[in-house]
Amino acid sequence: MKTIHRTLTALLAAALVVAPGLSAAKTLKIGSLSPLTGPYAADGNDIRHGVETAIALWEAKGGVPGYDKIEYYPQDSACDGKQAVSAANKLANLGVIGVVGAYCSSATIPASDVLNEARVPVLTPASTNEKVTERGFKYMFRVCGRDDDQAKVVAKFLSQQLKVKSIALVDDKTTYTAGLAKNIKKFLKGTGIKVVAHEHVNQGDKDFSGVLTKIKATRPDVLYMSLYNPEGNLMAIQARRLGLKAVLMTEDAVYHPNYLKIAKKAAEGTFLTYGQPPSEDIPEVAAFINAYSAKYGQPGSYSAYAYDAANVLLSAVAKVGADDPAKLAEAIRATRMQGASKFIQFDGKGDSGSTYKVMVVRDGKFVPYWDPDTGKLY
């Protein structure tokens with residue numbers, strides 16, 4: 001009897017292993033990297049909410065084929081390289097099949113070193129420094145635009161549309177802001193526009209009176225704020241309070257509802273470069289806005305890019321599965337998809353192209369102003 005009992009036990013155990021209906025639930029794990037705490041948490045949580053919106057819509061239509069559920073692991077990169085590396089290692093150890101992130105280029109670059117070695121695809125919705133995709137990484141993709149493309153639009157706008165003669169630049173010495181300022185100076189060469197000042201602040205600074213006083217003395221036509229959202233908000237207020245008459249111009253990191261809420265009247269007339277989103281008449285755009293707004297309110301600067309990054313990742317898994325990272329990366333690279341931020345397709349480097357337009361703050365809203373492709377005003 002003992003022999004029969006042992007035999008039946010063994011057969012039952014084998015059946016539990018091979019019977020599909022009795023197998024353990026198959027879980028798809030994805031992660032994200034963004035600043036969830038600290039001064040850049042607004043943008044970081046926009047990224048998190050964009051990913052969550054994509055997951056919710058996938059689950060509403062039955063999930064990803066081959067998987068019973070999606071588990072999401074958002075990690076706080078804090079716009080800090082060391083913390084981003086630690087978070088990337090944690091995600092790799094958790095067994096995520098892909099990561100959306102990070103926000104700051106100074107976090108994305110070191111984190112992607114770790115994840116590329118671990119063969120985990122990374123899709124950044126916000127890191128625009130060109131080095132992100134210039135390292136030949138097979139598992140690195142960018143859904144947003146590039147700084148060199150953004151800088152070309154800035155130089156073209158200032159020289160051809162505003163026709164200014166001088167500019168002062170400010171950056172905070174980080175990979176993104178310093179890299180963008182450097183590119184702008186490069187593309188301004190030959191335009192006749194003189195860089196009369198290039199000053200630097202630190203992330204987290206709140207008093208810019210010293211820097212702005214020095215800039216005011218140079219009497220620039222334009223003050224270009226190559227900064228992140230919190231510092232850009234405060235600098236605009238302090239520049240106007242100091243009586244600086246220069247036109248204000250800035251970039252995609254300041255293109256956030258907080259700029260309008262915090263800078264208020266000081267923000268009026270500010271020009272910004274941003275990847276102009278597609279029309280809300282496009283079904284994919286409307287679906288994102290409706291789903292996101294119902295739960296989180298107005299989308300932020302990178303909400304749509306994060307949503308698209310998650311959709312690209314999940315769509316690739318639906319096509320080829322996630323067991324082979326190389327096949328998954330190739331499926332991502334082969335993407336041809338209308339997203340909420342733009343039509344997405346990747347080149348050999350992992351870039352998806354830039355769609356920068358010039359926006360302006362008018363009556364407390366961001367509105368389209370100038371198209372660099374046509375040279376015409378909206």
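Cys144 is buried, with a relative accessibility of 3% (buried means under 20% relative accessible area, exposed over 50% and partly exposed in between, with a 1.4 Å probe and protein chains only). The model is predicted, so local features need pLDDT of at least 70 and side-chain atom pairs count only at pLDDT 80 or more, while totals for chains, interfaces and linings use all residues. Residues are numbered from 1 along each chain as its sequence is written, and side-chain values use heavy atoms, with hydrogens and water left out.

The sulfur of Cys144 lies 12 Å from the closest cysteine sulfur, that of Cys104, which is too far for a bond. Cys104 is itself linked to Cys79 by a disulfide, with 1.8 Å between the sulfur atoms (a disulfide is a pair of cysteine sulfur atoms within 2.5 Å). This link joins distant parts of the chain, 25 residues apart: Cys79 sits in the loop between strand 2 (69-76) and helix 3 (81-94), and Cys104 in the loop between strand 3 (99-101) and helix 4 (105-117). Helices (H or I, at least four residues) and strands (E, at least two) are DSSP runs, numbered from the N terminus. The link is right-handed, with 70° about the S-S bond. Cys79 is buried at 8% relative accessibility, and Cys104 is buried at 0%.

Turning to the sheet, 8 strands form an open arrangement in the order 7-6-8-9-10-13-14-15, with mixed pairing (two strands pair if DSSP finds at least two bridges between them). Strand 7 (194-200) and strand 15 (376-377) are at the edges; each has a single partner strand, so one side of each lacks a neighbour in the sheet. Strands 13 (356-362) and 14 (365-371) pair in the antiparallel sense over 5 bridges, and Met359 stands opposite Pro368 in strand 14.
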